[in-house]
Amino acid sequence: MKEDIRTSRLSNGLAILTDTMPDVRSVTLGFFYRIGSRHEPAELNGISHFIEHTVFKGTKRRTAFDIAKEQDRLGGGLDAFTTHEETGFVIKVIDDQIENAFDLLADMMTEPAFDELDLENERNVIIEEMKMVEDSPEDHLGEIFSEAFFPGHPLGMNIVGTSQSVAAFDHHGTADYHRQVFGPSNLVIAAAGNVDHGKIENLATRYFANGSLGSDSPALTSQTPDFGAPVLIRQNKNLEQAHLIIATPFVSATDEGRYAADMLANILGGGTSSRLWQKVREERGLAYSVGASTVMFRDCGYFSVYAGTSPEQTREVVDITMDELRDVVKNGVSEDELDLVKQQARASILLSLEDSASRAGSLANLEMTFGRQISVEETLERLDAVTLDEIQRLAQEHFQTEKIAFAAIGDLTGLNLERESFDLSY
């Protein structure tokens with residue numbers, strides 16, 4: 001399995017990575033910053049997301065309409081996102097448009113205007129975005145859960161900020177934060193597709209080696225959180241469904257057990273053949289949506305189960321979930337279950353190689369998480385090496401009564417759940 005991945009670095013810390021796919025005519029180009037909401041001070045909660053929005057509003061060379069026209073001319077595939085640990089800007093173009101795409105992204109990121117009128121308009125847009133989340137019970141539950149699960153920590157704060165924090169983002173504060181942290185030393189430029197590494201390196205040097213942003217942007221750190229173990233029930237009689245989360249601290253993105261962790265989550269609730277899907281939905285018809293997943297940050301992580309069900313069936317869904325967690329702790333998983341999720345993971349990895357966007361994202365993620373590229377062969381070998389004992393040890397270490405967190409929202413007046421309801425002893 002041949003991979004044509006190249007890496008180079010400028011003296012100011014900027015990393016450049018390319019993955020050449022000579023048989024395609026497209027290129028996905030991404031600017032990924034090692035900056036997310038967990039790096040923000042409390043009074044600036046949401047400013048990374050705010051900057052993600054407002055760099056589209058104009059630069060010293062382009063108006064907002066110029067940016068809109070140019071991204072449409074290039075194919076309309078310009079997207080941006082903010083997470084707890086990174087902020088990214090990604091565009092997919094025909095290979096002969098890579099220089100134009102690079103110029104557009106570089107201009108947006110080095111010379112944003114942050115015009116006060118534009119900022120005011122975008123503040124209103126983001127506050128409307130917050131209202132959309134409040135109107136979505138599943139998303140709103142996620143906010144309630146995170147705040148209690150990561151008490152007093154930025155990981156528990158909303159990525160988009162609060163209406164109060166966003167209202168305070170003016171030209172001076174926004175431009176100052178952008179100048180401080182959105183610099184070359186916090187930037188990873190990744191490209192995948194029919195791309196020449198030397199061309200991307202030359203473009204990066206042209207725009208960033210002596211750019212307007214300093215090369216001494218601080219490497220941002222964030223303290224590892226102390227986890228809470230709340231049992232929260234929020235009453236909302238206007239909801240037809242109840243929504244619930246059961247969670248526990250889990251491994252980080254850099255932990256050696258990360259491969260086993262993903263497999264354990266997939267066995268429990270990762271697909272239509274998973275235990276929870278089969279027992280909650282197929283056998284008993286208790287939920288339309290149920291599943292398990294892992295969230296892995298660079299220094300911590302968590303495992304969670306989500307379900308949406310009728311209020312009167314909530315207790316039964318909780319009991320089934322706890323029974324499955326208890327069974328994995330006591331008995332582990334079967335050889336057939338492990339083999340299935342290994343094949344599922346293998347297919348997902350190999351199929352993602354056909355997509356330049358997936359490959360560009362992988363380049364950046366591996367650089368920011370490990371400081372090196374991990375080959376597909378190494379990943380497949382690590383997946384194949386996961387054992388039944390490893391998965392059971394992982395469950396026994398992390399699925400413990402005192403660590404379980406629970407949050408639910410809905411018309412749950414009669415639901416009485418205490419810490420004893422989440423007893424994992426056997």
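**The five-stranded sheet**

Begin by selecting β7, β11, β8, β10 and β9, which form an open sheet of five strands in that order, with mixed pairing. Helices (H or I, at least four residues) and strands (E, at least two) are DSSP runs, numbered from the N terminus, and two strands pair if DSSP finds at least two bridges between them. At the edges stand β7 (231–235) and β9 (287–296), each of which pairs on one side only. On average, neighbouring strands of this sheet are turned by 10 degrees against each other, direction ignored. Axes are lines fitted to C-alpha atoms, for helices over the stretch in contact, and angles run from 0 to 180 degrees between N-to-C directions.

This is a predicted model, in which local features need pLDDT of at least 70 and side-chain atom pairs count only at pLDDT 80 or more, while totals for chains, interfaces and linings use all residues. Residues are numbered from 1 along each chain as its sequence is written, and side-chain values use heavy atoms, with hydrogens and water left out.

Proline 249 has tyrosine 302 of β10 as its bridge partner.

**Two helix pairs**

Keep α9 and select helix α12 (residues 335–352): their axes come within 9 Å and cross at roughly 110 degrees. Angles under 35 degrees count as roughly parallel, over 145 as roughly antiparallel, 65 to 115 as roughly perpendicular and the rest as oblique; α9 and α12 are therefore roughly perpendicular to each other. Show the side chains of Met263, Asn266 and Ile267 in α9, which meet Glu337, Leu338, Val341, Lys342 and Gln344 in α12. Contact means heavy atoms within 4.5 Å. The residues of this contact divide into four nonpolar, two polar and two charged. For these classes, Ala, Val, Leu, Ile, Met, Phe, Trp, Tyr, Cys and Pro count as nonpolar, Asp, Glu, Lys and Arg as charged, and the others, Gly among them, as polar.

Proceed to helix α10 (residues 275–282) and helix α11 (residues 314–331), whose axes are 11 Å apart and which pack at an angle of about 150 degrees. The two helices are therefore roughly antiparallel to each other. On the side of α10, the contact is made by Arg275, Leu276, Lys279 and Val280; α11 contributes Val317, Ile320, Thr321, Glu324, Asp327 and Val328. By class, there are five nonpolar, one polar and four charged residues in the contact of α10 with α11.

**The six-stranded sheet**

Now select β1, β2, β6, β3, β5 and β4, which in that order form an open sheet of six strands with mixed pairing. The edge strands β1 (5–9) and β4 each have a single partner strand, so one side of each is left without a neighbour in the sheet. Neighbouring strands here are turned by 15 degrees against each other on average, direction ignored.

In which sense do β2 (residues 15–20) and β6 (residues 187–193) pair? They pair in the parallel sense, over six bridges, and threonine 18 has alanine 191 of β6 as its bridge partner.

Turn to β3, where eight of eight residues are buried (under 20% relative accessible area; 1.4 Å probe, protein chains only). Ser26, Thr28, Gly30 and Phe32 point one way from β3, while Val27, Leu29, Phe31 and Tyr33 point the other way. β3 pairs with β5 in the antiparallel sense over eight bridges, and seven bridges join β3 to β6, also antiparallel. Select tyrosine 33: threonine 87 stands opposite in β5, and leucine 187 is the bridge partner in β6. Helix α3 (residues 98–110) lies across β3 (26–33), β4, β5 and β6, running at about 15 degrees to β3.

**A covered helix and one leucine**

Finally, select helix α1 (residues 47–54), in which eight of eight residues are buried. These residues pack against β4 (78–82), β5 (87–94), α4 (116–134), α6 (163–167) and α7 (171–181).

Within helix α4, centre the view on leucine 119, which counts as buried at 1% relative accessibility. Leaving aside neighbours within four places in sequence, leucine 119 is in contact with Phe50, Thr54, Phe114, Phe169, Asp170, His171 and Thr174.

Terms used. Buried < 20%, exposed > 50% of the residue type's maximum accessible area, 1.4 Å probe, protein only.
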